[in-house]
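Good morning, and thank you for coming.

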Amino acid sequence: MTTMPSREPITFERPSCSYQNLSSRFEIKDGTFQRQYAHMYCERLLTMRKRLEESARKKWGTEIKIYKLYQLKGQERCCIIGTYYKHMELKPSILDEVSEEYNLIPQPKKDRYTSDSDTLILEDELQRITLVGNINIQTACTGMVVAVLGEEKENGKFHVEDTCFMSLQQPSPLPALEEDRYIFFVSGLGLGQQGKNLMGLQLLVDLITGQLGSEEEQKKFSKVIRIILAGDGLSRDTQDTSVLHTAKYLSWKVQATTVEGVKELDDILTQLVSNVPVDIMPGEFDPTNGILPQQPLHKCMFPKANAYPTLNCVTNPYEANIAGCRVIGTSGQPVTDIYQFTTNEDRLEILEETLKTGHIAPTAPDTLPCYPFLKEDPFILSEMPHIYFAGNQTKFQSKLWEDESGQKCLLLTIPRFSQTQAGVLLNLRTMDATAVVFSSEFME
Amino acid sequence: MPREQKQQDITTLFNQKKKITSKYFKGTLNENSVNDATDLSQTRTLKRKEADMTLLKEFDLNWEYGPCTGITRLERWERAERHNLNPPKDVKQLIQNHQEDEDYLQSLWKDYHL
C-alpha cells in the first residue's frame, strides 16, 4: 500500500477453473413426510455395515467373528456392528414437555446437555446392548455407526476392547497446479441486523474485486477462483417473530426484517458475482427450509445478482469438484449440534470425528432435524474429500488430517464473520489456509 | 313382594344369525350361497388371495428386510435387493401382478396411519 501508483493501469485477469456441482443427492424431489425415521436408520446401518465388516477384518484379522446382537454368546471375544445411542438424562425430550401430570415448565435451553450419568448403547436391527470399557462415552454421539471388538460379560453389558470406523474410499489424486489458485470461504455475514456496521464486509468485497490493496495484493486476490458463502447470510435478528404478536394496527406498516436483510445481501452479492463465481449456501437463519438438507435459496430473492450467471445457489450440505479438488461442507449445524451433546471443546475435533466415522451429520435425525430419507442416507461420506469445511463456528482452525492409508484431507472451520470479521483464504496448490481479518474500528 | 324381573339385556333382545364373513370378500358367505355354482370361482379366488396374503405377511414380518410400516411393499423389496439381502422374487411378482389392489401394494399395517 506504500508504493507509488504506476503510470499505466495494470490489469490482472482472473483465471477460470473447472467446476462440477455434486450435490444432487441433497436436493429433495418429493416432499413426503409420511414416513418414520426408522427407515433412515435402517438404510444407514445396512449401507455402512458392509464397509464396516471389511474395515473390521482388516484391522483385527480375517478370523474375527462378526456377530449380530442376537447371536452373541457370553464370554466370547467377537465383533459387533451397530448404531450408537447415547442415553442422556438432560437431553430435552418432547414427552417431558407435553406431559401434563408433571406440570413441568419446559427445560431451559442450555449450552450443553451432557452429564456424568450418560450411557452408551449399541443398537442393531433387533436388539441393543450397553457398552462399557475402553470407550469414551463423552465424545461419542447418537447415530454413529461403528464396529466394536470385545465380549459380553455376565452383567449383560458388552466390554469394549477396541472400536473401528468405516474406512473411506480413495479419492482421485489431487491435480498438481502450477500457479496459486485460491478459494475464499466466509460464513455468518449476519445481514439484516439493525444498526450494523458494514465496513468490514465492504472491505472484503473491495479486496476480492481488486479495488483495494497494492499490486501484489491485487495480483494475489485476482487468483481467487471461487467464493463459498457457507451459510447465515442473514442474522438471527431477522427471525424475530414479535411482530406476529403485536396488534395489527401497530404493525401494518412494518416490513419483515428478512426483506431488508435479503436486499442488503443482494447488493453485496451483485458486487461479488460481477467478478468471481459465488456459491451461496443456506444457513440456520436463512429463508429456506429449516431441516437438513437445506434447499438452495431461491434465485428470485436476488434480482440484481441473478443477472449474472456466476451466482450459484446451492444446498446445505454442499459438495462440489472445484479445479479437481473434491470439496464438501456444511453451514455448521451438524458440528454445533454434536457440540451440545458431547464434551468435546474443540470444534475441529468434532469435525474430525465426523470424518473418521464417515458420516457428515450423525445426530440427524435424533437431535438435528432432517428429512425422512428412504432410498439412501445422503450424509454418508463415500469417498474421502480433499477439503471438508464447517461454517459458522467460533474461530478459524485448520488441520491436514491423514488416515492409516496415507490419504490426506484438509479440515476447516470457518468463523462467523459478524463476530470475528474474518474469512478464510485457501490456496489449492499448497493446501494452506489462512484467515483474513477485516476488522475496523471507529472513533466514537 | 319383589316382582320377578326377567333377565333382559342387549344380547338377548335381537335374534342371532350366524354370518360367515371374510374381510377379503365383500358380502357374506352364507351356507346357502356356497352351494351356488357361480360362486365357486369366487371362493377359489378368495382362497388364492388368502394364500397370497399369507406370503406377503411373512415378507412384511421378516426382520431382515428392515421396518415395514409407512412404505410400500415394492419400496421395501427394492431396498432389500439393493443391500443384497435376497428377498423372495415371487413377492415382487405378486406385487407387480396386482398393481390395482391396495392389499398387495401396501404393508400389513396400512390402515394404521403414522
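In this predicted model, chain A contains an open sheet of 6 strands in the order 11-10-9-8-17-18, with mixed pairing. Strand 11 (311-313) and strand 18 of chain A are the edge strands, each pairing on one side only. On average, neighbouring strands of this sheet are turned by 20 degrees against each other, direction ignored.

Let me begin at the edge formed by strand 11 of chain A. Strand 10 (residues 278-281) of chain A runs parallel to strand 11 of chain A, and 3 bridges join the two. Within this pairing, Asp279(A) has Asn312(A) in strand 11 of chain A as its bridge partner. Helix 7 (residues 257-273) of chain A lies across strand 9 (224-230), strand 10 and strand 11 of chain A, and runs at about 150 degrees to strand 10 of chain A.

Leu425(A) has Thr434(A) in strand 18 of chain A as its bridge partner. The two strands form a hairpin with 4 residues between them, and Met431(A) in the turn has a positive phi of about 55 degrees.

I turn now to another sheet. This open sheet of chain A has 6 strands in the order 1-12-13-14-16-15, with mixed pairing. Its edge strands are strand 1 (19-21) and strand 15 (397-402) of chain A, each of which pairs on one side only. From one strand to the next, the twist averages 20 degrees.

Strand 13 (residues 325-330) and strand 14 (residues 387-393) of chain A run parallel, with 4 bridges joining them. Here Val327(A) stands opposite Ile387(A) in strand 14 of chain A. Helix 9 (residues 347-357) of chain A lies across strand 14, strand 15 and strand 16 (408-415) of chain A, running at about 140 degrees to strand 16 of chain A.

What joins the side chains of Arg25(A) and Glu319(A)? They meet in a salt bridge, at 2.7 Å from N to O. Arg25(A) lies in the loop between strand 1 and helix 1 (38-60) of chain A, while Glu319(A) lies in strand 12 (residues 318-322) of chain A, so the pair ties together parts that are 294 residues apart in sequence. Over all chains, the structure has 24 salt bridges.

Next, the interface. How many residues of chain A are in contact with chain B? There are 16, and they meet 13 residues of chain B. The area buried between the chains is about 1,300 Å², and carbon and sulfur atoms give 62% of that area. His39(A), Leu46(A) and Leu374(A) supply 33% of the area that chain A buries against chain B, more than any other three residues. Across this interface there is 1 salt bridge: the side chains of Glu43(A) and Arg82(B) meet at 3.1 Å, N to O. The count of residue pairs in polar contact between the two chains is 5.

Finally, confidence. The predictor gives the complex an ipTM of 0.81 and a pTM of 0.84. Chain B averages a pLDDT of 78, with 74% of the residues scoring at least 70. In chain B, confidence is highest in helix 4 (residues 73-82), at a mean of 92, and lowest in helix 2 (residues 31-34), at 51. Where pLDDT is low, the predicted coordinates should not be read in detail.

Methods
Residues numbered from 1 in each chain as written. Chains lettered and ligands numbered in written order. Predicted model: local features only at pLDDT ≥ 70, side-chain atom pairs only at ≥ 80, totals over all residues. Heavy atoms only, no water. Pairing = 2+ DSSP bridges. pLDDT = per-residue confidence, 0-100. Axes fitted to C-alpha atoms, helices over the stretch in contact; angles between N-to-C directions. Contact = heavy atoms within 4.5 Å. Buried area = accessible area lost by both parts, 1.4 Å probe. Salt bridge = Lys/Arg side-chain N within 4 Å of Asp/Glu carboxyl O. Polar contact = N/O pair within 3.5 Å; in protein donor to acceptor, adjacent residues only side chain to side chain.
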